[in-house]
Amino acid sequence: MMNHEDYLRRTLDIARHAREAGNHPFGAILVGPEGEILLEAGNAHEGAGGEYGDRTAHAERVLMTQASQNYPPEFLAKCTMYASAEPCAMCAGSAYWAGIGRVVYGMSEADLGALIGPHPENLTMNLPCRIVLSAGQRQIEVIGPLLEEESRAVHEGFWS
């Protein structure tokens, strides 16, 4: 069975592919209770259509939309969302509403913000996903940051 680092490295591969496709370098996967990878998503704002794309098409939000369309909340409560970087407030909210049981992430939102700065395409919020998720009526386990240097490397040179 794979461990947290193995799954996170898969999200980093997805983030690299998203970057190669012209999207922001973020990736996410849904892992089932038996350790199987069920769904994968990269940032998809450029391929979303419309004149301006979809700035809400973050990898985690896209993944949680797919998860909530394909699995019941009782099943998702036993699943884990892995994300290459800490889910923003929107993405943490989508994990909550989808019914996910655990979130594991790479680089923290604070470190991402420090790396990117005030970039107009990614104005990060200094609002950790733990705080967003703790405001809900059910508990979601949060693990991270993990593999911060590897997560940071995916972003090198992208935001400048």
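# Packing of the sheet, helices and loops

Leu147 is found in the loop between strand E5 and helix H7. In this description, helices (H or I, at least four residues) and strands (E, at least two) are DSSP runs numbered from the N terminus. The model is predicted, so that local features require pLDDT of at least 70 and side-chain atom pairs pLDDT 80 or more, while totals for chains, interfaces and linings use all residues. Residues are numbered from 1 along each chain as its sequence is written, and side-chain values use heavy atoms, without hydrogens and water.

Although Leu147 is not a glycine, its phi is positive, at about 50°. Leu147 is also buried, with a relative accessible area of 18%; buried means under 20% relative accessible area, exposed over 50% and partly exposed in between, for a 1.4 Å probe and protein chains only. Pro145 lies in the loop between E5 and H7 (148–155) as well. The peptide bond leading from Gly144 to Pro145 is cis, its omega being near 5°.

## The sheet

Five strands form an open sheet in the order E2-E1-E3-E4-E5, and their pairing is mixed; two strands pair if DSSP finds at least two bridges between them. Strand E2 (37–42) and strand E5 (141–143) are the edges, and because each has a single partner strand, one side of each lacks a neighbour in the sheet. On average, neighbouring strands of this sheet are turned by 15° against each other, direction ignored.

Strand E3 (residues 80–85) and strand E4 (residues 102–107) run parallel and are joined by five bridges. Thr80 has Arg102 of E4 as its bridge partner, and Tyr82 is bridged to Val104 of E4. Five of the six residues of E4 are buried, so this strand is largely enclosed by the rest of the structure.

## Helix H4 and its packing

Helix H4 (residues 89–98) packs against helix H2 (residues 59–70) at an angle of about 15°, and the two axes are 8 Å apart. Axes are lines fitted to C-alpha atoms, for helices over the stretch in contact, and angles run from 0 to 180 degrees between N-to-C directions. H2 and H4 are therefore roughly parallel, since angles under 35 degrees count as such, over 145 as roughly antiparallel, 65 to 115 as roughly perpendicular and the rest as oblique. H2 passes H4 in a left-handed crossing, in which the near helix is turned anticlockwise from the far one by less than a right angle (right-handed if clockwise).

From H2, Glu60, Arg61, Met64 and Ser68 meet Met90, Cys91, Ser94, Ala95 and Ala98 of H4, contact being heavy atoms within 4.5 Å. The contact of H2 with H4 has five nonpolar, two polar and two charged residues; Ala, Val, Leu, Ile, Met, Phe, Trp, Tyr, Cys and Pro count as nonpolar, Asp, Glu, Lys and Arg as charged, and the others, Gly among them, as polar.

Eight of the 10 residues of H4 are buried, so H4 is largely enclosed by the rest of the structure. Ala89, Cys91, Ala92, Gly93, Ser94, Ala95, Tyr96 and Ala98 are these buried residues. They pack against H2, helix H3 (73–76), E3, E4 and helix H6 (129–134). Gly99 follows H4 and has a positive phi, near 105°.

## Helices H5 and H7

The axes of helix H5 (residues 109–116) and H7 come within 11 Å and cross at roughly 35°. This crossing of H5 and H7 is right-handed. Asp111, Leu112 and Leu115 of H5 make the contact with Glu148, Arg152 and His155 of H7. By class, the contact of H5 with H7 has two nonpolar, one polar and three charged residues.

The table gives location and accessibility.

| Residue | Location | Relative accessible area |
|---|---|---|
| Ile14 | helix H1 (residues 4–20) | 8% |
| Asn43 | loop between E2 and H2 | 5% |

Leaving aside neighbours within four places in sequence, Ile14 is in contact with Phe26, Gly27, Ala28, Ile29, Glu40, Ala41 and Gly42. Ile14 and Ala41 are 27 residues apart along the chain, and their C-alpha atoms are separated by 7.2 Å. Asn43, not counting residues up to four places away in sequence, touches Ala18, Asn23, His24, Phe26, Ala57, His58 and Ala59.
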